[in-house]
Amino acid sequence: MAGSKLLTGQELCEMTAIPGQLLDCTQIQAISSLRTNNGSTSFQIPDNPDFLSYPIRIDALNRSIVLTSKPLSRKYEKQIATFQSTNAQLLQFLKSDAFTYEETGNTATTMFFDKQDNTLVAYCSTKCSALKMKGEKIFSLCPCVEIAVLCVDDRYRFKGIGQAIIKHTLQDIIKIRKIAGVQLVTLFSLPDAVEFYEALDFHKLEKDMKILSAPVHKICVPMYLILPGSELSLK
C-alpha cells in the first residue's frame, strides 16, 4: 500500500468479519495439479507439530506474556465478561453470537488466556469456506479455512499477540489436513490491516478468484494464504 507505514510485529490490527455460508457446490470441478504464481510461502510446517498443547510465549516490552488456549466455553463467562474492546461488534460476537455459531457448527472459537493471571486476552474464530477460482476455462472451488473473527483485548494490544495468534492458528489448520483437504486460509481484512497480513504471507484476491462475502465485508479486503504443499494456478 503506497505511502502506508508497514506494521511491525509489536503492533496489532484487528480483522472483523461475520461468518457467512459456503459457496454453491454445483460448480465443483476436479483439479489434479495446479501451480501458484505467488511463489512459495515462508510459513513452514513444524517437524513434529503438537498443536494447542504448548503455551505461546510473547516477549512484550514490560514482561514475557505466556498465552494458553482453550475452546470456547460458558465456564469462562467471568473472564468473557471482563474482556475489553472498543469494537462493539466484536465484543457482542464474543459474549453472545460466538456461542450460537459454535452450537450450530458455523464457527469454532478459541480463547487465549494470560497464563499469569488467567485473564482472557484474545479470541479467534475459524470456519470452513471455499474460494472460487477460474482457470483453464473451468471454475473450481478450493477448500479453505476462514479466519472469521480475531480480536485482542484493548489492554493487550500492540504487544505482538495478534501476529502470534495468526501463526499459531495457521499451525493448527495444518493439522486438519491429516483428515480433510484444505488448500488455503482466507480472511477479510480492514484496509489499514492489509500490510499486516501481507507480512504474514497473505495476498489480496486475484482477479479470477471470488469468495462469498456478507454486507459487513463491504469495506474489507478479501485475502488468502496458500498452505505449504498446495499448488494453485492463478491464470
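**Inside the chain**

Modeller: Bear in mind that this is a predicted model. Leaving aside its neighbours within four places in sequence, Val 185 is in contact with Val 145, Ile 147, Leu 170, Ile 173, Phe 202, Met 223, Tyr 224, Leu 225 and Leu 227.
Biologist: And which residues of the largest nonpolar core touch the most other members?
Modeller: That core has 32 residues, and those touching the most other members are Phe 112, Ile 161, Ile 166, Val 185, Tyr 197 and Phe 202. Among the elements that give two or more residues to this core are strand S2 (64-71), strand S4 (119-135), strand S5 (138-152) and helix H4 (194-198), while the largest share, seven residues, comes from H3.
Biologist: What about a second core, how many residues has it?
Modeller: The second core is separate and has 17 residues, including Leu 90, Leu 94, Ala 98 and Phe 99.
Biologist: Changing topic, where is Gly 181, and is it buried or exposed?
Modeller: Gly 181 is found in the loop between helix H3 (161-176) and strand S6 (184-189), and it counts as exposed because its relative accessible area is 62%, where over 50% is the cut-off.
Biologist: How far is Gly 181 from Cys 142?
Modeller: Their C-alpha atoms are separated by 9.3 Å, although the two residues are 39 apart along the chain.
Biologist: And the chain overall, how many helices and strands?
Modeller: The protein chain has four helices and nine strands, and buried residues make up 47% of its 235 residues.

Conventions. Residues numbered from 1 in each chain as written. Predicted model: local features only at pLDDT ≥ 70, side-chain atom pairs only at ≥ 80, totals over all residues. Heavy atoms only, no water. Buried < 20%, exposed > 50% of the residue type's maximum accessible area, 1.4 Å probe, protein only. Core = buried A, V, L, I, M, F, W, Y, C linked by side-chain atoms within 4.5 Å. Contact = heavy atoms within 4.5 Å.
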